[in-house]
Amino acid sequence: MAEKTKLIDVSKCTGCRSCQLACKQWNQQPAKQTENYGTYQNPPDLQSNTWTLIRFQEIAEKDKVKWLFRKDGCMHCTNAACVKVCPSGALHYTDFGTVAVTNSLCIGCKECVSACPFEIPKYDRVTDKIYKCDLCLSRIEADLIPACAKACPTGAITFGDKNAMIKKAYARAKELGGDANVYGDKFVGGTHVIYVLTEKPRVYDALPDKPSVPFSVIVWKDMLKPLSLLAAGGVLAGSFLHYILHGPKLPDEPGKEEKGGE
Amino acid sequence: MRKGLIQATDGFERIVHWSLALSCIALCITGLGMMYQSLNFIGDMMGGLKSLKYVHNFTGVFFGVALYFTIRMWWKEAGIFSMPEDLEWIRCAGGYLWHVDNPPEVGKYNPGQKMFFLAIAGFGVIMFLTGLMMWFPLSFPPTIVRLMYVLHALGFVVIFAFFFVHLYLGTIGSPGSLDAMLTGWVSRAWLKKQHPKWLKEMEHEGTLVVYGEEKPSAKGHH
């Protein structure tokens, strides 16, 4: 099956949050009590039942204020740190190249929470499981576009085949000019959610400049994990060889011990 | 028990040893169940992988308590090298790996056993502390928690490998040794071969407990 990608063109986003609402509706997620902390961003962060969120930012320039809206959510990495660390296979790749969650398998170990370079998976204390966007797997399997893309009134969120979306993103970034750039296709093996950003990536809140699978995850899963079996296997083989070649350390037989070489 | 056997360990030592050993094995098995998806089935007998997680975590608490008593009980005897004889022993690997005419006489613990003790004590503490932080990862910054997973995995590499060394040398690799941790009574011949200096020390200090003979004043660790 062809890999699919969601393109988020922040230059077209008006911050209406239709996507946020559509996500809640399709995934049947209730709202949580929230608080006003002096910004339009609401709720303050992604939550176990808020899988996408428009991040609002005000950037003060000389004589005006610039607004930035960025739809945050799972990036659906090709090399996903969360899938790498998940002990139960709850987090897994789909045929579309996206990363889905089988909640019945989740054991609430939260290993993905600290592994994700984008800090996406959120833990729910009540169910003792983690939750995140699955790019509307139930919809894309039925040949529908994700709920957020369906709800977006300005065309800021579009969905389609990976290569076509990347091509479209670069064409749009070129059209915008200036600092406009494409974010997502160049790291963690290429994400299945890509952005056309109007500013350099580091300008945006909660958006890592050069995200990667954490080095600690690579040491842990690609080095120490196989080494643990190798080392134990080596010891077992060594013990066997020791037994058949050198032999066990036996006490001297009674009577002969006094004449021993001590 | 047979007449003439010598007491190598007391009941307290054996209970602490087996509390640590059995919880360690349980932790290795349940840990493997989470480390390898192909071993997820280990969780089935516990009612699922989520239950296995809790078995692992609470066994870890038990392990921590056992480790505390282990270290308190043995660190003086097994945690400190006595130079230069221990260095000499290490140079010839105690005669375990190649033929050595007269390996240095060892006391209650040989340097190999001391290294094993130090590895278990050191990495055991690391396993307990990192495991505790991995249990509540949201209470710490992600960069710190990521390091905890690496240390926990490193501790597993060391302890899992050492476990098999210990298993071999505690059983078929050194016949007679297992009795020291099962009944606590060993033969004089075994003691003379494995820990001659300790035997001499006990004879000299009059602390030798021989089965069937009148007991000298009771010795203990506490």
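User: Before we get to the interface, what counts as a contact here, and how many residues of chain B are in contact with chain A?
Analyst: Two residues are in contact if their C-beta atoms, placed from the backbone, lie within 7 Å. Keep in mind that this is a predicted model. On that criterion, 36 residues of chain A meet residues of chain B, and the count on the chain B side is 39.

User: Which helix of chain B gives the largest share of the side that touches chain A?
Analyst: Helices H1 (11–35), H2 (49–78), H5 (142–170) and H7 (188–194) of chain B each put in at least two residues. Among these, one supplies 15 residues, the largest share of that side, and that is H5(B).

User: Stepping back to chain B as a whole, how many helices and strands does it have?
Analyst: Reading from the N terminus, the elements go β-α-α-α-α-α-α-β-α-α. The C-alpha trace they belong to spans about 55 × 35 × 30 Å along its principal axes. The tally for chain B is eight helices and two strands.

User: What share of the chain B contacts with a separation of 6 or more comes from residues 24 or more positions apart?
Analyst: Chain B has 222 residues, and 31% of them count as buried. As for its contacts with a separation of 6 or more, the share from residues 24 or more positions apart is 64%.

User: Over to chain A: how far apart are the C-alpha centres of its two domains?
Analyst: The domain assignment puts residues 4–212 of chain A in domain 1 and residues 214–247 in domain 2. The distance between their C-alpha centres is 40 Å.

User: Which strands stand at the edges of the four-stranded open sheet in chain A?
Analyst: The sheet has mixed pairing and the order E8-E1-E10-E9 in chain A. Each edge strand has a single partner, so one of its sides is left without a neighbour in the sheet. The edges are E8 (157–161) and E9 (181–183) of chain A.

User: In what sense do E1 and E8 of chain A pair?
Analyst: Leu7(A) stands opposite Thr158(A) in E8(A). E1 (residues 4–9) and E8 of chain A are joined over five bridges, and the sense is antiparallel.

User: Which helix of chain A packs on that sheet?
Analyst: On average, neighbouring strands of the sheet are turned by 25° against each other, direction ignored. The helix touches E1, E8, E9 and E10 (193–197) of chain A. Its direction makes about 20° with that of E1(A), and the helix is H6 (residues 162–176) of chain A.

Methods
Residues are numbered from 1 along each chain as its sequence is written. Chains are lettered from A and ligands numbered from 1 in the order in which they are written. This is a predicted model: local features need pLDDT of at least 70, side-chain atom pairs count only at pLDDT 80 or more; totals for chains, interfaces and linings use all residues. Domain bounds come from an automatic or database domain assignment. A residue is buried if 20 or more other C-beta atoms lie within 10 Å of its own, exposed if 12 or fewer, and partly exposed in between; C-beta atoms are placed from the backbone. Two strands pair if DSSP finds at least two bridges between them. Axes are lines fitted to C-alpha atoms, for helices over the stretch in contact, and angles run from 0 to 180 degrees between N-to-C directions.
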